[in-house]
Amino acid sequence: MSTSILDRLIVRPARVQDVEVLVDFSAAMALETEGRSLDEDRLRRGTLAVFESPTRGFYVVAELPHESSQVVVGQLLVTYEWSDWRNATFWWIQSVYVHPGWRRRGVYRRMHEFILRQARARSDVCGVRLYVEGENTVAQAAYSRVGLSSSTYRVFQDDFVLTRKDAGSQPLGKEG
């Protein structure tokens with residue numbers, strides 16, 4: 001990617017007008033990473049719920065100028081986890097997706113840097129975290145390249161909505 005194109009990449013808080021691309025990207029991510037087809041109505045309602053109640057989190061998108069409009073090429077969602085040990089909040093990065101045509105070109109890095117600047121500017125945020133599928137070594141390498149390190153924690157859950165297809169009622173790893 002030419003430097004001039006990356007220089008024109010805009011990372012910004014998502015707007016409700018971005019909902020359709022957020023839904024499309026989240027559905028594509030679920031299919032690509034877990035082989036899961038999501039219920040798009042439920043996904044759309046879940047995405048809109050973030051805009052309707054900012055206490056749930058916020059989306060960020062990366063977009064590039066294209067003729068007379070902007071084209072969204074990446075997204076992520078930040079949600080919150082209170083830490084009593086730190087008396088502050090962790091920002092969880094989830095629902096990360098970069099359009100396949102724009103991968104390995106610095107799009108995620110730019111979104112990640114945007115989130116870090118926002119988080120570090122606030123005294124009520126103590127860090128950022130994310131989870132990744134255990135077999136997704138490409139994503140793990142990308143997260144390592146931006147300075148994230150593996151945690152000693154493992155995620156356990158009891159998912160009441162989405163369950164593993166091939167294991168009856170066994171839940172999957174933490175979902176976005």
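Student: Which residues of helix 3 are called buried, and what cut-off makes them so?
Tutor: In this predicted model, the buried residues of helix 3 are Leu43, Thr47, Ala49 and Val50. Each is called buried because its relative accessible area is under 20%.

Student: What makes these residues of helix 3 line one face?
Tutor: Viewed down the axis of helix 3, the buried residues fall within an arc of 150 degrees, so they line one face of the helix. Asp41, Arg45 and Glu52 are exposed on the other side. The cover over the buried residues includes helix 2 (19-34), strand 2 and strand 3.

Student: How do you know that the length of helix 3 agrees with its number of residues?
Tutor: Helix 3 covers residues 40-52, and at 1.5 Å a residue its 13 residues should span 18 Å. The end C-alpha atoms are 18 Å apart, so the two values agree.

Student: What makes the approach of Asp39 to Asp41 a polar contact?
Tutor: At the start of helix 3, a side-chain oxygen of Asp39 comes to within 2.9 Å of the backbone nitrogen of Asp41. The cut-off for such a pair of N or O atoms is 3.5 Å, so this pair qualifies.

Student: Why is Tyr80 called partly exposed?
Tutor: Tyr80, in strand 3, has a relative accessibility of 36%. Buried requires under 20% and exposed requires over 50%, so Tyr80 counts as partly exposed. Leaving aside neighbours within four places in sequence, Tyr80 is in contact with Pro54, Thr55, Arg56, Gly57, Phe58, Thr89, Phe90 and Trp91.

Student: What makes a set of residues a nonpolar core, and which residues have the most contacts inside the largest one?
Tutor: The members are buried nonpolar residues joined through side-chain atoms within 4.5 Å. The largest such core has 25 residues, and those with the most contacts inside it are Leu76, Ile93, Tyr108, Met111 and Ile115. Helix 4 (107-120) supplies the largest share of this core, 7 residues. Apart from this core lies another, of 10 residues, including Ala14, Val61, Leu77 and Tyr97.

Student: What does Ile115 touch?
Tutor: Not counting residues up to four places away in sequence, Ile115 touches Phe58, Val60, Leu76, Val78, Trp91, Ile93 and Val128.

Student: How do you know that the span of helix 4 agrees with its number of residues?
Tutor: At 1.5 Å a residue, the 14 residues of helix 4 should span 20 Å; the end C-alpha atoms are 20 Å apart, so the span agrees.

Terms used
Residues are numbered from 1 along each chain as its sequence is written. This is a predicted model: local features need pLDDT of at least 70, side-chain atom pairs count only at pLDDT 80 or more; totals for chains, interfaces and linings use all residues. Side-chain values use heavy atoms; hydrogens and water are left out. Buried means under 20% relative accessible area, exposed over 50%, partly exposed in between (1.4 Å probe, protein chains only). Helices (H or I, at least four residues) and strands (E, at least two) are DSSP runs, numbered from the N terminus. Contact means heavy atoms within 4.5 Å. The expected span of a helix is 1.5 Å times one less than its number of residues. The arc is that of the directions from the helix axis to the C-beta atoms. A polar contact is a pair of N or O atoms within 3.5 Å; within protein, one must be able to donate a hydrogen and the other to accept it, and residues adjacent in sequence count only if both atoms are side-chain atoms.
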